[in-house]
Amino acid sequence: MKIKVHSYGAAQTVTGSCHLLEVDGLRILIDCGMFQGLDEDKNYEPFPFDPRTIDYLIVTHGHIDHIGRIPLLVKEGFGGKIISTKPTYHIARIMLLDAANVMKEEYRVEYRKALRRGKPWEARPPLYDEDDVYEAIEHFRIFLGYHQPYRLSDSITLTFKDAGHILGSSYVEFKIKHGENYRTVVFSGDLGMTKRLIIKPLEFSKDGNYVFMESTYGNRNHRSLEESIEEFKGAILDSLKRGGNIVIPTFALERAQEILYLLRQMYDNHLLPECKIFLDSPLAIAATKIFLRFPEYFNDETKKLIKEGKNPFIFPYVHFSQTPEESKMINSVSSGAIILAGSGMCTGGRIKHHLKHNLWREESSVIFVGYQAKGTLGRAIVDGAKTVKIYGEEIAVKAKIYTINGFSAHADRDTLLKWLGSFENIYGTFLIHGEPEVQKIFKQSVKDKLDIDPHIVEFGESIVLV
Ligand SMILES: [Zn+2]
Ligand SMILES: [Zn+2]
């Protein structure tokens with residue numbers, strides 16, 4: 001029996017994850033993510049395969065670069081079943097609805113601009129709308145926990161294992177009958193670190209003959225989590241003393257909950273002076289509620305909190321700002337507010353308003369706790385811009401800027417090597433989900449440390465495993 005893998009995304013890039021496994025007459029898609037940044041135009045190209053021929057879609061986790069094209073897949077005729085963990089389904093639902101809304105808003109702005117140029121046709125309509133999302137999520141039909149095998153056919157079984165990346169994230173193991181024996185094909189999705197604040201860490205596995213693995217941070221190691229926690233707590237205390245507000249640009253999923261969790265820890269240890277913490281993001285509020293539904297996915301420390309009757313994210317200083325009016329009310333607070341809002345790189349969303357109100361104030365602070373891509377407002381501030389433009393207005397950067405780097409949800413080089421090194425019988429290693437320069441460096445590290453020569457997968461490449 002032939003086992004074939006086709007790569008239709010996240011090949012020599014970190015977005016658009018989409019791989020097709022063909023075996024025993026079944027066509028199984030692993031992730032169907034959106035292309036972002038420079039590759040964005042690819043979302044508008046037709047799928048390089050016929051979505052009607054796909055039997056199953058396996059979703060590793062709820063990040064948009066792994067799920068963002070699911071509504072398109074369904075629009076183009078996918079009639080199969082989607083398999084994921086339960087949290088992944090709930091996360092996918094809110095993330096896709098949010099994506100549809102963001103695209104609608106962007107289109108509105110683009111259309112007005114195009115109209116003023118006299119070329120309304122130049123505005124590109126959204127890829128899909130909310131109705132398409134509702135239709136698409138109907139296809140999530142099979143929900144599996146970790147280590148709960150599921151038979152796709154007489155000869156193929158799949159099992160999710162804990163990727164430790166975000167709530168419900170998994171890597172997927174296909175056990176495929178091959179003559180008298182079995183072959184195991186593994187797709188990593190995105191891998192996390194071995195220490196996480198809320199969820200369980202990345203798990204290691206022995207079974208894997210062919211491993212398709214992400215290589216996002218294959219060229220470097222992260223700062224330790226402990227150091228970053230200390231740095232973060234120090235930044236909060238110093239900032240509160242200076243008498244202004246603290247603005248924290250946060251991704252709605254995982255990072256927002258982690259920050260609330262750390263603030264809760266400070267509160268419990270009587271380290272946090274009285275302050276007002278605003279979670280100013282409907283998406284982050286929705287994500288926090290999903291976390292609270294799945295305490296079984298938490299690590300022991302967080303489970304212990306819950307056993308003690310404590311909510312890991314909500315305590316007396318925390319306020320949820322759901323509506324735009326509630327968000328605007330925060331502007332009237334000039335001191336002692338800790339404001340968590342998105343987007344994480346300050347490219348849109350409510351964070352821009354808070355930056356506008358606080359960046360120019362010497363007594364305020366901005367604490368960056370996530371990656372800031374080149375070309376974003378967040379990156380400009382981190383890089384030390386003296387002024388920035390927000391909504392057409394020039395704003396001086398006088399607030400104290402902190403950059404804390406060790407909270408990454410992605411495995412670093414040593415963790416990736418350790419994960420790959422745990423498999424006992426590898427016949428083939430395939431690098432996906434990484435930038436080409438990083439992948440080259442990681443390929444060399446794998447060769448040096450594990451004596452394995454991994455293949456860097458190209459976009460559109462078809463690989464016959466056996
Ligand atoms: Zn991810
Ligand atoms: Zn990813």
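Student: What should I know before I start?
Tutor: This is a predicted model, in which local features need pLDDT of at least 70 and side-chain atom pairs count only at pLDDT 80 or more, while totals for chains, interfaces and linings use all residues. Residues are numbered from 1 along each chain as its sequence is written, and chains are lettered from A and ligands numbered from 1 in the order in which they are written.

Student: Which domains does the assignment give?
Tutor: The assignment gives domain 1 (3-220 + 409-464) and domain 2 (225-403); such bounds come from an automatic or database domain assignment. Taken over C-alpha atoms, their centres are 29 Å apart.

Student: How many residues does each domain bring to the contact?
Tutor: Domain 1 contributes 16 residues and domain 2 contributes 17 residues. Two residues are in contact if their C-beta atoms, placed from the backbone, lie within 7 Å.

Student: What classes of residue are on the domain 1 side?
Tutor: The side of domain 1 that touches domain 2 has nine nonpolar, two polar and five charged residues. Here Ala, Val, Leu, Ile, Met, Phe, Trp, Tyr, Cys and Pro count as nonpolar, Asp, Glu, Lys and Arg as charged, and the others, Gly among them, as polar.

Student: Turning to the sheet, what is the order of its strands?
Tutor: The seven strands of this open sheet follow the order β6-β5-β4-β3-β2-β1-β22, with mixed pairing. Helices (H or I, at least four residues) and strands (E, at least two) are DSSP runs, numbered from the N terminus, and two strands pair if DSSP finds at least two bridges between them.

Student: Why is one side of β6 and of β22 left without a neighbour?
Tutor: β6 and β22 (462-464) stand at the edges and each has a single partner strand, so one side of each has no neighbour in the sheet.

Student: How do β4 and β5 run?
Tutor: Strand β4 (residues 56-58) and strand β5 (residues 81-84) run parallel and are joined by three bridges. One bridge pairs Ile58 with Ile83 in β5.

Student: Where is Arg52, and what does it touch?
Tutor: Arg52 lies in the loop between β3 (26-30) and β4. Not counting residues up to four places away in sequence, Arg52 touches Gly77, Phe78 and Gly79.

Student: Is Arg52 buried or exposed?
Tutor: Arg52 counts as exposed because it has 11 C-beta neighbours inside 10 Å. A residue is buried if 20 or more other C-beta atoms lie within 10 Å of its own, exposed if 12 or fewer, and partly exposed in between, with C-beta atoms placed from the backbone.

Student: What about His433, buried or exposed?
Tutor: His433 is buried, with 31 other C-beta atoms within 10 Å. It is found in the loop between β20 (428-432) and α13 (436-450), and its phi is near 50 degrees, a positive value in a residue other than glycine.

Student: How do α3 and α7 pack?
Tutor: Helix α3 (residues 86-116) and helix α7 (residues 282-293) pack at about 170 degrees, with their axes 10 Å apart. Axes are lines fitted to C-alpha atoms, for helices over the stretch in contact, and angles run from 0 to 180 degrees between N-to-C directions. The two helices α3 and α7 are therefore roughly antiparallel, a term for angles over 145 degrees.

Student: Which residues meet there?
Tutor: Pro87, His90, Ile91, Ile94 and Asp98 in α3 meet Leu283, Ala286, Ala287 and Ile290 in α7. These divide into seven nonpolar, one polar and one charged.

Student: Last, which residues does the cis peptide bond join?
Tutor: The cis bond joins Gly342 and Ser343, with omega about 5 degrees.

Technical notes: Angles under 35 degrees count as roughly parallel, over 145 as roughly antiparallel, 65 to 115 as roughly perpendicular and the rest as oblique.
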